[in-house]
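Here are some notes to read alongside the model, which is a predicted one. Please keep the sequence and the structure open while you go through the points.

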Amino acid sequence: MSKLFLAIALGLSAVCIAAAPPVGAEDYPARPVTIVVGYTPGATSDLVARTIGERLNAAWGQPVLVDNRSGVGGNIAAGYAARTPADGYTLMVGTDAMMTSNVYLYKNTPFDPVKDFAPVIYAGANIICLAVHADFPARSVADVIAYAKANPGKLNYGSSGIGSPHHLAGELLRQRTGIDIVHVPYRGSGATINDLVGGHIKVAFLSLSTAVPHLTGGKIRILAVVEKSRYPAMPDLPTIGETVPGFEMSSWHAVFAPAGTPAATVARLNQAIAKILTTDDVKEKLGVLGVAVATSTPDELGEIVKSGLAARGALIKAANIPLE
């Protein structure tokens, strides 16, 4: 009798377990969520993460924490995030540099941007511009190219560092036009803009958010943006591609989860973050930072990463940038 009772009890338990709904997207999140960022507090990707996190907290009633793990171009953060449990409780704000350039710039990248991450949502483009010092004679992209051709090897351009999208924008311009320009890498955008404003360099590729505050001082001019399309907030500013056909350098921010995160959880995150990013106040807030907000499906973000890897790989190899 006892054996029969035990068998019946075990059978009923199995049925109950099979019938019970799993703890899934409908219960998510049941505890605090962490967003990992590969840069220091105050960096654009950090501010994107905090903007999203604050509003997820308000929507969910669960704390959303930002974990800054800066260093090695974002590799420390990505390597860490890739190895956290795939349960939706650790996310990462990744950038084009982290997810499409670093594998070609570092000898030991501790993650695979495709295999180790589940794409969640594209958050927006980090607008990069071509700026010149006020006393530099160029008033257009064509003028810069003409000056460089007339003065081969004599025109220096600044960027925020070797392998940064700002550096790669200059390298792409060199490759597309055949001009001989010299890269001057700085340790961050602050040092770059200081030397441009001071006239120590005449040309620089900068994040738009770094350059715009200095326009009123009359020490610099912005000639163009590097993206495929004009920046809606400054529609009179041309793209470099309007002068150099095929030129496009896309810098972006996006949200990722560890590979293996349940599809239902990814879908819920995509829906919640898209709702946040498409509000007017968030678009305005991030627009001030030079981020042109746009969203995507997870699959679309996955394709952005894959196509970016192919494009950056070709560009970096052609530039002969040494591995770190």
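1. Turning to helices, the axes of helix α6 (residues 165-177) and helix α11 (residues 298-319) come within 10 Å of one another and cross at roughly 70 degrees. A crossing angle from 65 to 115 degrees counts as roughly perpendicular, which means that α6 is roughly perpendicular to α11.

2. Which residues make this meeting of α6 and α11? On the α6 side they are P165, L168, E171, L172, R174 and Q175, and they meet R312, L315, I316, A318 and A319 of α11. Sorted by class, the contact of α6 with α11 consists of seven nonpolar residues, three charged residues and one polar residue.

3. Helix α4, residues 96-105, deserves a separate look, as eight of its 10 residues are buried and the helix is mostly covered. The buried residues of α4 are D96, A97, M98, M99, T100, S101, N102 and L105. Among the elements that cover these buried residues are the helices α3 (75-82), α6 and α11, together with the strands β3 (90-95), β4 (117-126) and β10 (252-258).

Methods:
Residues numbered from 1 in each chain as written. Predicted model: local features only at pLDDT ≥ 70, side-chain atom pairs only at ≥ 80, totals over all residues. Heavy atoms only, no water. Axes fitted to C-alpha atoms, helices over the stretch in contact; angles between N-to-C directions. Helix = DSSP H or I, 4+ residues; strand = E, 2+ residues; numbered from the N terminus. Parallel < 35°, antiparallel > 145°, perpendicular 65-115°, else oblique. Contact = heavy atoms within 4.5 Å. Nonpolar A, V, L, I, M, F, W, Y, C, P; charged D, E, K, R; others polar. Buried < 20%, exposed > 50% of the residue type's maximum accessible area, 1.4 Å probe, protein only.
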